[in-house]
Amino acid sequence: MSFYRGFIGSYTRRTSKGIRSFRFNEDEFVLEDFYTVDDPTYLLLSKDSNVLYSTLREGNEGGVMSLDLRTLHADKVTFKENSTPCHISCSGEYILASNYHQGKLDLYRTKNHELQERLQSLVFQGKGPVEGRQESSHLHFAQKNPYNEDILACDLGSDKIYVFAIEDKLMKKSEILLPPGSGPRHFVFHGKEKLLYVISEITSELFTIDFRSGEYILKQFTPTLPLDFKGQNTGGAIRIAPDNRFIYVSNRGHDSISILLIKEHGFVEKIGSVSTEGQHPRDFNLSPDGEFLLAGNMNTDNLTLYKIDRDTGALTLLRSDIYSPEPCSIVFQK
């Protein structure tokens, strides 16, 4: 039986040594230390799966690295003024790195997938109404729109998604305004329609944004938590199924994965949630074929594996006892 394979990024505050590799099928799950580095808190694979990009910290410097998986040669670009980025993504020969603590978006150049240099560092100003969370700008996520040339970036601190053009530098075009105090964190694009789905960290909602007309228009917002939940929660990660029928989001506090059905015209309906069998599911991911979901519980040092019902979107728990210290990013190799 063939294996699913991938990598786990983590904090290295306690016992984690950095990046771990995993492989699993329905009979076994194998997890091993792969590459020693401080705070590889977000990972990204090149399209050919030969290069792994990661955030990192080296002493008092933060930045990004590219790691050739065939040779384990690493190219690192770090700066003393940088805290560790919270998210990275790829747009052609560029790497976009979002920095939550410093409210900035960095643009890096690659050549043949190898990291070369930082081209730009944009610092944002802004704030929102939630004390202690929105006192300043907090860039959390940036990614290219697959349907056009736009780069979109979530600012959790100011409740905005910035829209940029890119050509060796980022040039601001417009802003998408979200409800005050929502705190946009991550988003996914529908694979067949010009629709954008955004998870809010502070209010735990899913925002549906339609850009089929050429403009980004907020159409719907849907709670991701049970209506009777009264505790503290922050929205985490968001993923869309390969067949574009279901969206999954993680809830940190409720400690669950919520399942949302994509209905006619791109509207969504929450249809259920399942426990992550641990605390603070900062990230999770779907296997490339949409058969499995793997979640990382950062505060309880465990991974949880589910089988996905492709027809109903339901998650069946397979294992929750996979030890992995401080997991906070999961990527699958294709």
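Guide: A strand is a DSSP run (E) of at least two residues, and strands are numbered from the N terminus. The model shown here is predicted.

Visitor: Where is aspartate 301 placed?
Guide: Aspartate 301 is not a glycine, yet its phi is positive, at about 60 degrees. It is also buried, because its relative accessible area of 13% falls under the 20% limit. Its place is in the loop between β25 and β26 (302-308).

Visitor: What is the relative accessible area of glutamate 326?
Guide: Glutamate 326 is found in the loop between β27 (315-323) and β28 (327-332). Its phi is near 55 degrees, a positive value in a residue other than glycine. Glutamate 326 counts as buried, with a relative accessible area of 2%.

Visitor: How many strands does the chain have?
Guide: The loops described above run between strands, including β25 and β26. For the chain, the count of helices is 0 and the count of strands is 28.

Visitor: What is the radius of gyration of the chain?
Guide: The C-alpha atoms fill a box of roughly 45 × 45 × 35 Å along the principal axes. Buried residues account for 58% of the 334 residues. A compact globule with 334 residues would have a radius of gyration near 20 Å, and the chain agrees with this at 19 Å.

Visitor: Which separation lies between the C-alpha atoms of leucine 303 and serine 320?
Guide: Leucine 303 is in strand β26 and counts as buried at 0% relative accessibility. Beyond its neighbours within four places in sequence, its contacts include Ile8, Phe29, Leu294 and Ser320. Leucine 303 and serine 320 are 17 residues apart along the chain, and their C-alpha atoms are separated by 5.9 Å.

Visitor: How far from lysine 104 is the nearest side chain of opposite charge?
Guide: Lysine 104 is in strand β10 (residues 104-111). Not counting residues up to four places away in sequence, it touches Glu81, Arg118 and Phe124, among others. Lysine 104 is buried and has no salt bridge, because a salt bridge requires a side-chain nitrogen within 4 Å of a carboxyl oxygen. The nearest side chain of opposite charge, aspartate 106, is away by 4.4 Å.

Visitor: Which ring has the charged end of arginine 118 over it?
Guide: Arginine 118 is one of the residues that lysine 104 touches. Its charged end sits 3.6 Å from the centre of a ring, and that ring belongs to phenylalanine 79.

Visitor: Is the pair of phenylalanine 24 and phenylalanine 292 stacked or edge-to-face?
Guide: A search of the whole structure finds 18 aromatic pairs. In this pair the ring centres are 5.4 Å apart. The planes stand at 85 degrees, and angles over 60 degrees count as edge-to-face. The pair is therefore edge-to-face.

Visitor: How many residues apart in sequence are the parts tied together by phenylalanine 24 and phenylalanine 292?
Guide: Both residues are buried, and they belong to a cluster of ring pairs that also takes in Tyr4, Phe22, Phe29 and Phe332. Phenylalanine 24 lies in strand β2 (residues 18-24) and phenylalanine 292 in strand β25 (residues 292-297). The pair therefore ties together parts whose distance in sequence, in residues, is 268.

Visitor: Is the pair of tyrosine 162 and phenylalanine 164 stacked, edge-to-face or tilted?
Guide: Both tyrosine 162 and phenylalanine 164 are buried. Their ring centres are 6.3 Å apart and their planes are at 50 degrees, so the pair is tilted.

Technical notes:
Residues are numbered from 1 along each chain as its sequence is written. This is a predicted model: local features need pLDDT of at least 70, side-chain atom pairs count only at pLDDT 80 or more; totals for chains, interfaces and linings use all residues. Side-chain values use heavy atoms; hydrogens and water are left out. Helices (H or I, at least four residues) and strands (E, at least two) are DSSP runs, numbered from the N terminus. Buried means under 20% relative accessible area, exposed over 50%, partly exposed in between (1.4 Å probe, protein chains only). Lys and Arg count as positive and Asp and Glu as negative; His and the chain ends are not counted. Contact means heavy atoms within 4.5 Å. Rings of Phe, Tyr and Trp (its six-membered ring) pair if their centres lie within 6.5 Å; planes under 30 degrees apart count as stacked, over 60 as edge-to-face and the rest as tilted. A charge sits over a ring if NZ of Lys or CZ of Arg is within 6 Å of the ring centre and within 35 degrees of the ring normal. The radius of gyration is taken over C-alpha atoms; the globule rule is 2.2 Å times the number of residues to the power 0.38.
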